[in-house]
Amino acid sequence: PSAILLKDYKVPPFLIDKTELTFDLDETNTVVTSHLHMRRNPACGKSTQPLVLDGGEDIKLIGVAMDGYTLPSEEYRLVDDKLIITATADEFVLTCETLIDPQNNTRLEGLYRSSSMFCTQCEAEGFRHITYYLDRPDVMSVFTTTIIADETRYPVMLSNGNETERGKTDEGKTFVVWHDPFPKPAYLFALVAGDLAVKNDVFTTQSKRDIKLQIFTERHNIDKVNYAMEALKRSMRWDEETYGREYDLDIFMIVAVDDFNMGAMENKGLNIFNSSCLLASPETTTDDAFLRVESVVAHEYFHNWSGNRVTCRDWFQLSLKEGFTVFRDQSFSSDMHSETVKRVEDVSFLKTAQFAEDAGPMAHPVRPSSYIEISNFYTLTVYEKGAEIVRMIHTLLGEEAFRKGSDLYFERHDGQAVTCDDFVAAMQDASGVDLTLFKRWYSQAGTPVVTVTDEYDEQTKTYRLTVKQHTPATPAQPTKLSLHIPIRVGLISEQGDALTADFHNERSDDFVLHLKDNEQTFEFTSVHSKPIPSLLRSFSAPVKLHYEYTTEQLLLLLSCDSDGFNRWSAAQQLAVNELSQLIQQAENGDAFSIDSNLVAGFKALLEDETLDPAMVALILKLPSQAYLSELAEVIDPQAIKGARHFLKVTIANALAAQFADVYKKHVVMGKYQANAQDIAHRSLKNTALSYWAESADQRAQTAVAEQFKQADNMTDQFAALSIAVKTNHKSAQNMLTAFYEQWKAEPLVVNKWLMLSASQESDDALGAVKALMEHPSFDLKNPNKVRSVLGGFGQNTSGFHHKDGSGYQFLADQIIVLNKRNPQLASRLCTPLTRWKKLKPELSVQMKQQLERILAEDLSKDVYEVVSKSLA
Ligand code: HT7
Ligand code: ZN
């Protein structure tokens, strides 16, 4: 397969002003008729280029006509899934009839079946699996869609826009016509048909228009959409208040489907959701999952402006809509709950997963310059690092100018398909802030390393920070340029108070430094005592920061920094320092020994009742095995696991009484609510239990079993079960069995059970995972189930990283099977194998062998791209 390059972008030679589609729905033989009102693109001048329409290997062309004239087979060609028509007029109506088989569409792209319904997924290039089309985001068209089906089986028939007509065909079937007045690219097209239940609501916009809101699910799930509906209304209000964006159509619909490759899809007026991101009830959904529902509902809704009204010119610009929309959904969640907690969670995820991507073989810029399969570029870099870029622009411009920039962007580009440069230009033009150098963030891959040293001159009361930046080489980018990095800094006295200083004619204790060169020194004057710097406050840039903090300084920052984020960051650094030593000891075969500073810091934290329980819980969470792997130069999974376990048990035994006390104090009384306050208490309570259960105090074991039995909500029940499994509770197996029996009718809960079971460490972890894949609740067609089992197995150190390589071989076997059935899913499952170069040599060689074995297969573009780049 060949690569597509950003530099080859050309405007489309044809435009499609109107798209009229008719779907005669049938499980295995759906006939799609399209009438495309086309004309040559005036931007191409006088051209005679042939018309080349995208298609897929899974669609069958029945016939093609131009202005009503049926083309004989010599007047068109089908080459490499493309329909080519050499001779066309300047303006014409092209009619295509195609036959598709939704029932056997296991790729879950285009039109497919999920349970008993029909649904679509067209981003990025799924529409070409429905009919021949100019399937690219810069071709925007007004769609009218007619759905014909047997109403007894498919009483609900939906598409984008407004329903304009409904009636009976001559054969007695029902037809429904939908018209979407907003021109859109084909990737935003959607169709759903099924026997669905609906929850209705109304939202009154700021200009007093009533919008009909509808959420559709399979009948047995309709009692689980209240939370999503409320989240939708909060999102609509927030977008009006924060960005001045009002909803445009008269109706907004969401549909939940069980089989879905990603989280959700922002189709115009008809969002389609993975049911795991929409359905929620206290009994079946954890706090984390509630928050995820809220943020995904918000994310997809926000796309109506940042993505749909203003869309991407080409797929290289994906972060234009995704980075901006992630930034918007993060800000929304932050406003709805706690700003610091949200920031810690987002940064922790970025530093674990995106930094690893940036350091691996698939590293790419936020605006990539080449791809083989675009589905592989829906990445943490495009989404999360893309959001960090928007956040940095927000920091550079300030709240008010950022809003002016956003207003200008929407005003300038409404109804257009544009680039990341257009976004930055609007921000620059509205604010007057020069973003020329800053734009390098879009084109340069890799995580910059920022190293800070300092000196304080007692005589002159001057404090200097010398800051250096360096970005390591990434594939295809051996040399790197310096970036414009905003570094928020605070100064703190050795007593823990804020310390003011003069810097650039401003007296403050909190500054934004603009690092633009490879090395710069920043001088602060009138600083009355030697400061401890609080660096990169709120994580003002996605970089790796190095400063030689002493343990005492970190403990001071942990207890005194006014920036909540950096208090967490100090605790993380303390734990990382401790764990690095333990990992080293494990690798050397030495006995474990720890410093007691972390224990002292945690003790103070547990005894301070004035602190926000959510923050205390976050600080107590030890750096994950995945994050420690990202930090390691050479990954030794067993050593990391052993070190982490030792530290947790040591802290647990030293502070068992405090953990028991905190556990009891933070029990939430009353009816379950997914609000910030209750979530915070549950989080601290369950974190305390996870430590207490690691201690020698037997009462903790009883508490775990009691909580499992008596919990009235999934957060507490699942926390108890997970703790039991992770601490080898004597009843862990019985609890797992009881949990399955209790929840076997709830697929989303069963997925949690599958994941936890697959992650359970044992001598025969692989055997256990194989048995799970034979379990009646498992279904290879369902991506959520595959991700649960294989994702859980990926966290199973003894099983996945078994020294005989059997864990890697098993994952490779699954990838090979899924490569044909569902290439997008298969390709994502490759991620753990792409880290092979960083593993210790005896494991690395085995992982590499499995990648080579996969590469020898007849591969989809998706899997080929990831595996071949990993081996390069
Ligand atoms: N914009 C949506 C992306 C998406 C997707 C991409 C590839 C394959 C399947 C997919 N499902 C959804 C989701 C979003 O970012 O909002
Ligand atoms: Zn998105």
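Where is Gln-103 found? Gln-103 sits in the loop between β9 (91-100) and β10 (110-114). This is a predicted model, in which local features need pLDDT of at least 70 and side-chain atom pairs count only at pLDDT 80 or more, while totals for chains, interfaces and linings use all residues. Residues are numbered from 1 along each chain as its sequence is written, and chains are lettered from A and ligands numbered from 1 in the order in which they are written.

View 1. A residue is called buried if 20 or more other C-beta atoms lie within 10 Å of its own, exposed if 12 or fewer, and partly exposed in between, with C-beta atoms placed from the backbone. Gln-103 is partly exposed because 14 other C-beta atoms lie within 10 Å. Two residues are in contact if their C-beta atoms, placed from the backbone, lie within 7 Å. Leaving out residues up to four places away in sequence, Gln-103 touches Glu-27, Thr-28 and Arg-113. Gln-103 and Val-527 are 424 residues apart in sequence, and their C-alpha atoms are 71 Å apart in space.

View 2. UniProt positions are given in the numbering used here, feature names are shortened, and annotations may be inferred rather than shown by experiment. An unreviewed UniProt entry places "domain: Aminopeptidase N-like N-terminal" at residues 105-188. That span is 0% helix and 49% strand, with its end C-alpha atoms 19 Å apart. The unreviewed entry gives residues 227-441 as "domain: Peptidase M1 membrane alanine aminopeptidase". Residues 227-441 are 55% helix and 9% strand, and the end C-alpha atoms lie 37 Å apart. For residues 446-548, the unreviewed entry has "domain: Peptidase M1 alanyl aminopeptidase Ig-like fold". Here the chain is 0% helix and 50% strand, and 23 Å separate the end C-alpha atoms.

**View 3. Two assigned domains.** Domain bounds come from an automatic or database domain assignment. The assignment gives domain 1 (4-194) and domain 2 (603-871). The centres of domain 1 and domain 2, taken over C-alpha atoms, are 42 Å apart.

**View 4. Helix α18 and what covers it.** The expected span of a helix is 1.5 Å times one less than its number of residues. Helix α18 (residues 714-726) has 13 residues and reaches 18 Å from its first C-alpha to its last, close to the 18 Å expected. Ten of the 13 residues of α18 are buried, among them Met-714, Phe-718, Leu-721 and Ile-723. The cover over these buried residues includes α2 (287-302), α16 (676-692), α17 (698-710), α19 (732-743) and α20 (747-759). In α20, 13 of its 13 residues are buried. Just after α18, Asn-728 has a positive phi of about 55 degrees.

**View 5. Two helix pairs.** Axes are lines fitted to C-alpha atoms, for helices over the stretch in contact, and angles run from 0 to 180 degrees between N-to-C directions. A crossing is left-handed if the near helix is turned anticlockwise from the far one by less than a right angle, and right-handed if clockwise. α17 and α18 pack at about 145 degrees, with their axes 8 Å apart, and α17 passes α18 in a left-handed crossing. Val-704, Gln-707 and Phe-708 of α17 meet residues of α18 including Asp-716, Ala-720 and Ala-724. An α-helix has 3.6 residues a turn, so residues three or four places apart point the same way. Helix α9 (residues 551-560) and helix α10 (residues 564-588) pack at an angle of about 145 degrees, with axes 8 Å apart. The crossing of α9 past α10 is left-handed. Thr-551, Leu-554, Leu-557 and Leu-558 of α9 make the contact with residues of α10 including Ala-570 and Leu-574.

View 6. Asp-80 is not a glycine, yet its phi is positive, about 45 degrees. Asp-80 lies in the loop between β7 (77-79) and β8 (82-85), and counts as exposed because it has 7 C-beta neighbours inside 10 Å. Leu-536 has a positive phi near 60 degrees and lies in the loop between β32 (532-535) and β33 (544-546). Leu-536 is buried, because 26 other C-beta atoms lie within 10 Å. A cis peptide bond, with omega about -5 degrees, joins Glu-123 and Ala-124. Ala-124 is in the loop between β11 (117-121) and β12 (141-149).

How values were computed:
Helices (H or I, at least four residues) and strands (E, at least two) are DSSP runs, numbered from the N terminus.
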